[in-house]
Amino acid sequence: MLFNEVLSLIKLGQETQNDEGFPVPGQETSREVFANEKSIRGNEFYMAAQSGYTLETMFEIHSLDYEEETIVEYESKRYRVVRTYERKQEEITELICRAYGSELIS
């Protein structure tokens, strides 16, 4: 399988506290990996909508490249990883994503 897209996998560092006790966000670390962009499967899209989420896209990456990152950046847009699925025989991990910062539909 040919992976012809490049995306950034972003991991948020541990949140700490400053001397006054206020939270300080953790450092972001990112790295680029090759991937394929795919459409969300119909049944998964509708199941997510029933739960109040709008899934936007799915990426396939090599399983060895995934280290539990929670944010994906692709074409200058950020996505939050909602769910992963590992296809062990093919050594591919699917990252099912929604827009970063999107909340429940009201």
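## Tour: salt bridges and ring pairs

Select Glu60, Arg87, Glu90 and Glu94: salt bridges link these residues in a network. Keep in mind that this is a predicted model.

**Stop 1: around Arg87.** Centre the view on arginine 87. This residue is buried, because its relative accessible area is 16% and the cut-off for buried is under 20%. Is glutamate 94 buried or exposed? Glutamate 94 counts as buried, at 1% relative accessibility.

Next, show glutamate 90. Glutamate 90 also forms a salt bridge with arginine 87, and the closest N and O atoms are 3.0 Å apart. Glutamate 90 counts as partly exposed, with 48% relative accessibility.

**Stop 2: Glu56 and Lys77.** How many salt bridges does a search of the whole structure find? The search finds eight. One of them joins the side chains of glutamate 56 and lysine 77, with 3.0 Å from N to O. Glutamate 56 sits in the loop between helix H1 (42-50) and E5, while lysine 77 is in strand E7, so this pair ties together parts 21 residues apart in sequence. Colour both by accessibility. Glutamate 56 is partly exposed, at 36% relative accessible area. Lysine 77 counts as partly exposed too, at 35% relative accessibility.

**Stop 3: the ring cluster.** Clear the selection and pick Phe59, Tyr74 and Tyr79. Ring pairs link these three into a cluster. The structure holds two aromatic pairs.

Start with phenylalanine 59 and tyrosine 74. Their ring centres are 5.2 Å apart and their planes stand at 65°, so the pair is edge-to-face. Which strands does this pair link? Phenylalanine 59 is in strand E5 (residues 57-62) and tyrosine 74 in strand E6 (residues 71-74), distant parts of the chain 15 residues apart. Check burial next. Phenylalanine 59 counts as buried, at 0% relative accessibility. Tyrosine 74 is buried as well, with a relative accessible area of 4%.

Tyrosine 79 counts as buried, at 8% relative accessibility.

Definitions and conventions. Residues numbered from 1 in each chain as written. Predicted model: local features only at pLDDT ≥ 70, side-chain atom pairs only at ≥ 80, totals over all residues. Heavy atoms only, no water. Phe/Tyr/Trp six-rings, centres within 6.5 Å; stacked < 30°, edge-to-face > 60°. Helix = DSSP H or I, 4+ residues; strand = E, 2+ residues; numbered from the N terminus. Buried < 20%, exposed > 50% of the residue type's maximum accessible area, 1.4 Å probe, protein only. Salt bridge = Lys/Arg side-chain N within 4 Å of Asp/Glu carboxyl O.
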